[in-house]
Amino acid sequence: LNAVPGVGSYEAKVMFVGEGPGFDEDHKGEPFVGKSGQLLDKIMESIGLSRRTVFIANIVKCHPMKDSSNPEARGNDRPPSPEEIAACRPYLDEQIRRINPRVIVTLGAVPAHVLLATDAPISKIRGQWRSYRPQGGDADIKLLPTFHPAALLRNPDLKRDVWSDMKSLREHLAS
Ligand code: URA
């Protein structure tokens with residue numbers, strides 16, 4: 001059982017924020033290394049980004065398990081609880097302050113809902129430029145919500161929207 005704080009560059013212009021580590025991430029101590037992560041790598045590559053040039057983190061830093069006495073079981077995942085989200089928030093905010101990226105891209109509903117303090121459906125808010133100011137931060141940071149790569153694995157029709165969001169990100173970074 002590992003903490004999974006994040007991976008990438010502290011000079012990153014783009015920070016991707018997911019929900020929380022799963023089985024593979026827990027075992028490797030690195031975010032997005034399972035099937036979703038392989039797709040995230042391809043999505044980033046499509047606009048010239050990589051795991052080494054961005055920073056990738058999650059809302060929670062430990063694998064939320066249905067049965068925490070059994071970290072070797074597959075399919076033992078659950079969404080993070082409000083308490084876990086609150087416990088990890090100061091750590092995430094400090095990561096955001098230190099990296100101070102130009103853009104935060106949230107992956108899926110959980111990080112969008114947490115950072116934007118909304119419960120609007122992800123399908124309604126994805127692709128819309130918002131902003132986020134971390135606790136103790138002195139400026140707003142642009143935030144772009146998009147779908148989670150796991151959603152694309154379940155429903156490939158969503159790839160079109162994520163591609164549109166990545167083009168929007170690329171244009172913003174070039175401006
Ligand atoms: N899904 C997430 O939200 N984060 C990870 O690190 C892996 C899968």
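**A buried proline, then the ligand**

Modeller: Pro 149 is buried, having a relative accessible area of 1%, where buried means under 20% (1.4 Å probe, protein chains only). Before going on, please keep in mind that this is a predicted model, in which local features need pLDDT of at least 70 and side-chain atom pairs count only at pLDDT 80 or more, while totals for chains, interfaces and linings use all residues. Residues are numbered from 1 along each chain as its sequence is written, and side-chain values use heavy atoms, with hydrogens and water left out.

Colleague: Which helix is Pro 149 in?
Modeller: Pro 149 belongs to helix α6, residues 149-154; helices here are DSSP runs (H or I, at least four residues), numbered from the N terminus.

Colleague: And how far apart are the C-alpha atoms of Pro 149 and Cys 88?
Modeller: Those C-alpha atoms are separated by 22 Å, and Pro 149 and Cys 88 are 61 residues apart along the chain.

Colleague: Switching to the ligand, which residues surround it?
Modeller: The ligand has Gly 18, Glu 19, Gly 20, Glu 25, Pro 31, Phe 32, Asn 58 and His 148 around it, a residue being near if one of its heavy atoms lies within 4 Å. By class, this shell has two nonpolar, four polar and two charged residues, with Gly counted among the polar ones.

Colleague: How much of the ligand does the protein cover?
Modeller: The protein covers 90% of the 240 Å² of accessible area that the ligand has on its own, as computed by the Shrake-Rupley method with a 1.4 Å probe.

Colleague: Back to Phe 32, is that residue buried or exposed?
Modeller: Phe 32 is buried, with a relative accessible area of 5%, and lies in the loop between α1 (23-28) and α2 (35-45). Phe 32 also has a positive phi of about 50° although it is not a glycine.

Colleague: What about Ala 117, buried or exposed?
Modeller: Ala 117 is exposed, with a relative accessible area of 72%, exposed meaning over 50%. Ala 117 sits in the loop between α4 (109-116) and α5 (122-125), and has a positive phi of about 50° without being a glycine.

Notes
Helix = DSSP H or I, 4+ residues; strand = E, 2+ residues; numbered from the N terminus.
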